[in-house]
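Colleague: I would like to learn how to read the features of a model like this one. Please take them one at a time.

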Amino acid sequence: MTLLGSSDIDVLPLALGGNVFGWTADRAASFEILDAFVGGGGDFIDTADGYSAWAPGNGGGESETIIGEWLAARKPSDITIATKVSSHPQFKGLSAENVRAAAEASLKRLGVETIDLYFAHFDDVETPLEETVAAFGQLVTDGLVRHTAVSNYSADRIRSWISLAQDAGTAVPVAVQPHYNLVHRNDVEESIVPVAQEFGLSLVPYYALASGFLTGKYRSTDASAVDSARAGGAAKYATGHGLRVIDELERVAAAHDASITSVSLAWLRSQPTVAAPIASASRVEQVADLLAGARLELSTEELRALDDVSAWSPANA
């Protein structure tokens, strides 16, 4: 178990991504995935109010609605729910009015009284940061949110948010959600990790499996080679550099009788300030490998080998 930043939230070091619920996993499949995740010891679910507005026929909020229906049906104990604001088609941006309305809508869809971890999903440069910080703080004061967090923010904007919150005596973020994995490292390690270390923030990385590339099933830049709605996002990593990473993952996985998926998550979990990588499953049989990634311990030598092969530079692209 691991604590998220300075909060009292203690979770298994893996978050189940809810981005697929209502998209590549229908309601029945989503229930099966959630059942398997919690049955295997998982207790941290990540979603957003905008999931999955991009899918044909969807309008946003589908993931939260499915999770809410599952919570009502199963009534699990000690489950941490994280959701986000700013990307729902009806609740764009981070003005105080919008933050409040979006939070209330998320609470209704989830069927809970309090959101455990509430993320500003994308920075909104058109709204004064002071207004957004105050709005998030008020949600905590009013009991609608336990802890606040930020996603897709630059290091400078994270520093500014924390400074404003401290000066106002309001809730300070406890977590940061960046795009971070074995084939996307440099900008996070150079800018976000130092801020997290300075302020005691936890990283909860999304795209932990690089849209599925780090499962090992995408070895071609031809997205049509794999029947998956996410194939395009994964195929772009199938470069010489990316495939060398997969080869090393395969070697380490064989030594542990584990999957490439599990090793990818174990490496990310081992990085400084990372508390719980986010990974999603569209089928229930994928859940076991995700949970194994939360428990697999890699040796110092294995971590170093993965560090070396995944370190990007023009020379090894």
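Colleague: Is Ser52 buried or exposed?

Modeller: First, the ground rules. This is a predicted model, in which local features need pLDDT of at least 70 and side-chain atom pairs count only at pLDDT 80 or more, while totals for chains, interfaces and linings use all residues. Residues are numbered from 1 along each chain as its sequence is written, and side-chain values use heavy atoms, with hydrogens and water left out. Buried means under 20% relative accessible area, exposed means over 50%, and partly exposed lies in between (1.4 Å probe, protein chains only). Ser52 has 0% relative accessibility, so Ser52 counts as buried.

Colleague: Where is Ser52 found, and which residues does Ser52 touch?

Modeller: Helices (H or I, at least four residues) and strands (E, at least two) are DSSP runs, numbered from the N terminus. Ser52 is in the loop between strand S4 (44-46) and helix H2 (62-74). Contact means heavy atoms within 4.5 Å. Not counting residues up to four places away in sequence, Ser52 touches Asn19, Phe21, Gly22, Trp23, Asn58, Gly61, Glu62 and Ser63.

Colleague: How many aromatic pairs does the structure hold?

Modeller: Rings of Phe, Tyr and Trp (its six-membered ring) pair if their centres lie within 6.5 Å; planes under 30 degrees apart count as stacked, over 60 as edge-to-face and the rest as tilted. The structure holds 8 such pairs. In one of them, the ring centres of Tyr51 and Trp54 are 5.7 Å apart and the planes are at 70 degrees, so this pair is edge-to-face. Tyr51 is buried at 13% relative accessibility, whereas Trp54 is partly exposed at 45%. Elsewhere, Tyr118, Phe136, Tyr153 and Trp161 form one aromatic cluster.

Colleague: How many salt bridges does the structure hold?

Modeller: Side chains of opposite charge can pair when their charged atoms come close. The criterion is a side-chain nitrogen of Lys or Arg within 4 Å of a carboxyl oxygen of Asp or Glu. The structure holds 14 salt bridges. One of them joins Asp142 and Arg100, with the closest N and O atoms 2.7 Å apart. Asp142 lies in the loop between helix H4 (129-141) and strand S9 (145-151) and Arg100 in helix H3 (residues 96-110), so the pair ties together parts that are 42 residues apart in sequence. Both partners are partly exposed, Asp142 at 36% and Arg100 at 28%.

Colleague: Which residue forms a salt bridge with Glu198?

Modeller: Arg159 does, with the closest N and O atoms 2.6 Å apart. Glu198 is in helix H6 (residues 186-199) and Arg159 in helix H5 (residues 155-168), so this bridge ties together parts that are 39 residues apart in sequence. Glu198 is partly exposed at 48%, and Arg159 is partly exposed at 32%.

Colleague: What meets the side chain of Glu297 in a salt bridge?

Modeller: The side chain of Arg269 (2.9 Å, N to O). The two are 28 residues apart, with Glu297 in the loop between helix H10 (287-293) and helix H11 (300-310) and Arg269 in helix H9 (residues 260-269). Glu297 is exposed at 56%, while Arg269 is buried at 12%. There is also a network of salt bridges linking Asp8, Asp116 and Arg146.

Colleague: Why is H9 described as largely enclosed?

Modeller: Because 10 of the 10 residues of H9 are buried, H9 is largely enclosed by the rest of the structure. The buried residues include Ile260, Trp267 and Arg269. Among the elements covering them are H6, helix H8 (240-256), strand S12 (278-279), H10 and H11.
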